[in-house]
Amino acid sequence: MSTNDGFTLTDNKSGKKVDLPRMIGTVGPDLADIRTLYGSMDIFTYDPGFTSTGSCKSAITYIDGDQGILLHRGYPIEQLAEKSDFLETAYLILYGELPNPEQNKAFRKNVTYHSMLQDQMNYFYRGFRRDAHPMAVICGVVGAMAAFYHDSTNVNDPASREVASFRLIAKMPTIVAWAYKYSQGQPFIYPNNKMSYAENFLHMMFATPCEEYVPSPVLVKAMDRLLILHADHEQNASTSTVRLAGSSGANPFACIAAGIASLWGPAHGSANEAVLQQLREIGSVDRIPEIIARAKDKDDPFRLMGFGHRVYKNYDPRAKIMGQACKEVLKELGKEDEPLLKLAMELERIALSDDYFVSRKLFPNVDFYSGIILQAMGIPTSAFTCLFALARTVGWIAQWNEMHEDKDQKIGRPRQLYVGAPQRDYTPLDKR
Ligand code: CMC
């Protein structure tokens, strides 16, 4: 993985030289291993936003942003979305291979039989205001899991980490559905072990003690596919947050709560909520030119939500699948004429023929169409990002586990370029 055919960095000021080994992965750009740089040259590197920095080795997910390719453990996202289901994909992401029939059965059983929450957690929910944002609720509840499940917080024990993984993946649908139920003032619906992961989630969201809820198989499939599309995405902001939090040895529930907090930002997971709000505000096709002009205006902080990506400089492959799924779901629900879909498609068409977006390689991302599907399914806008967190828990856990197994990993501790005052003496209050 590391070769001598590397790089030589010269400090033009001191004339010092340092050899930096080249690191070569399976596919993708090579890396310069700069770990010895500070020790030998007394310099740091500067890279806010980590645009040129690899923080770890990983065998989980590969993205080729120029080609618009996304692979989980080598399998293209298009094949997983079409042929797999969420729990099978979760197994693949966690363990590295598709499960055989016995592994498949055992994994499903482990996830299914951890879906109920410790009953005392009911009371924990009741401490929140009813109008709290569901992301605030799930962030709190997931963090609080450390107080309810102490027996799976030993991060140095692989068996303990595995139990924590089952608990998190199994309980996230219950946690998210209960956050929604609480906001509606409706009783919590308990998980049903006879149902599939996606069906059970929809059931906990929409059933009530007085009304049975049987979701259509098309909706169950669409929800399952949506979860697959969000399951992992390499070293994005929330995943890096989970790894950084975990690098100190923090317990898994605290780390995932940290990931949820990071995901909540509008530049990241909350974009799905923002896209829908933006489409509603635009309202009609004739307002699109005005919106495009705002997005292009350098003096206006306004951005076209659901557009652009740090890594994809081509169409986000997840957005392609999502756009197609969106049409299928709306057809199933008899909502083919959904005005927001028409508006989104027209917005995409106009943006992709505008030089501003073309020259900056700004394409629709995964969040552009997901909100329209979720809205059509009856999921409230404020819960959209919770769905993202539910699915991404699989990726977070897999990455967190991988970090614990990687001997190269240490506590994450970036350095800085200090631009503050140099050392000076304290001035007493009466002299200031
Ligand atoms: N609308 C208008 N202009 C944009 C947009 C946009 N959505 N995105 C990027 N730009 C422009 C930006 O102004 C800059 O222009 P210039 O070079 O003239 O200064 C150029 O494109 C590069 O942008 P950047 O901010 O340097 O790119 P980044 O890699 O730091 O940001 C991003 C990536 C996703 C944060 C950004 O594209 C964005 O804010 N998009 C809207 C929010 C969004 O949809 N987020 C979801 C991302 S996908 C799911 C997820 O990760 O959770």
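A backbone N or O atom of Leu304 lies 2.7 Å from a nitrogen atom of the ligand. The model is predicted. The ligand is surrounded by 22 residues. Helix H9 packs with helix H17. Ser262 belongs to helix H11.

**The ligand and its shell**

- Among the 22 surrounding residues, the closest are His268, Leu304, Gly306, Arg310 and Tyr356.
- His268 places a polar side-chain atom 2.6 Å from an oxygen atom of the ligand.
- Arg310 also has a polar side-chain atom by a ligand oxygen, at 2.8 Å.
- The ligand on its own exposes 940 Å², and the protein buries 74% of that area.
- By class, the shell holds eleven nonpolar residues, six polar ones and five charged ones.

**Helices H9 and H17**

- H9 covers residues 217-229, and H17 covers residues 367-377.
- Two packed helices are described by the angle between their axes and by the distance between those axes.
- For H9 and H17 the angle is about 145 degrees. Their axes are 11 Å apart.
- The crossing of H9 past H17 is left-handed.
- H9 brings Leu219, Ala222, Met223 and Leu226 to the contact. H17 brings Ser370, Leu374 and Met377.
- Six residues of this contact are nonpolar, one is polar and none is charged.

**Ser262 and its surroundings**

- Ser262 sits in helix H11, which runs over residues 252-263.
- Its side chain makes a polar contact of 3.3 Å with the side chain of Thr241.
- Which residues does Ser262 contact, leaving aside its neighbours within four places in sequence? They are Ala237, Ser238, Thr241 and His268.
- His268 links two topics here: this residue is in contact with Ser262, and His268 is also among the residues closest to the ligand.

Technical notes
Residues numbered from 1 in each chain as written. Predicted model: local features only at pLDDT ≥ 70, side-chain atom pairs only at ≥ 80, totals over all residues. Heavy atoms only, no water. Near = heavy atom within 4 Å. Polar contact = N/O pair within 3.5 Å; in protein donor to acceptor, adjacent residues only side chain to side chain. Areas by Shrake-Rupley, 256 points an atom, 1.4 Å probe, with all protein chains shown as cover. Nonpolar A, V, L, I, M, F, W, Y, C, P; charged D, E, K, R; others polar. Axes fitted to C-alpha atoms, helices over the stretch in contact; angles between N-to-C directions. Helix = DSSP H or I, 4+ residues; strand = E, 2+ residues; numbered from the N terminus. Left-handed = near helix turned anticlockwise from the far one by under 90°. Contact = heavy atoms within 4.5 Å.
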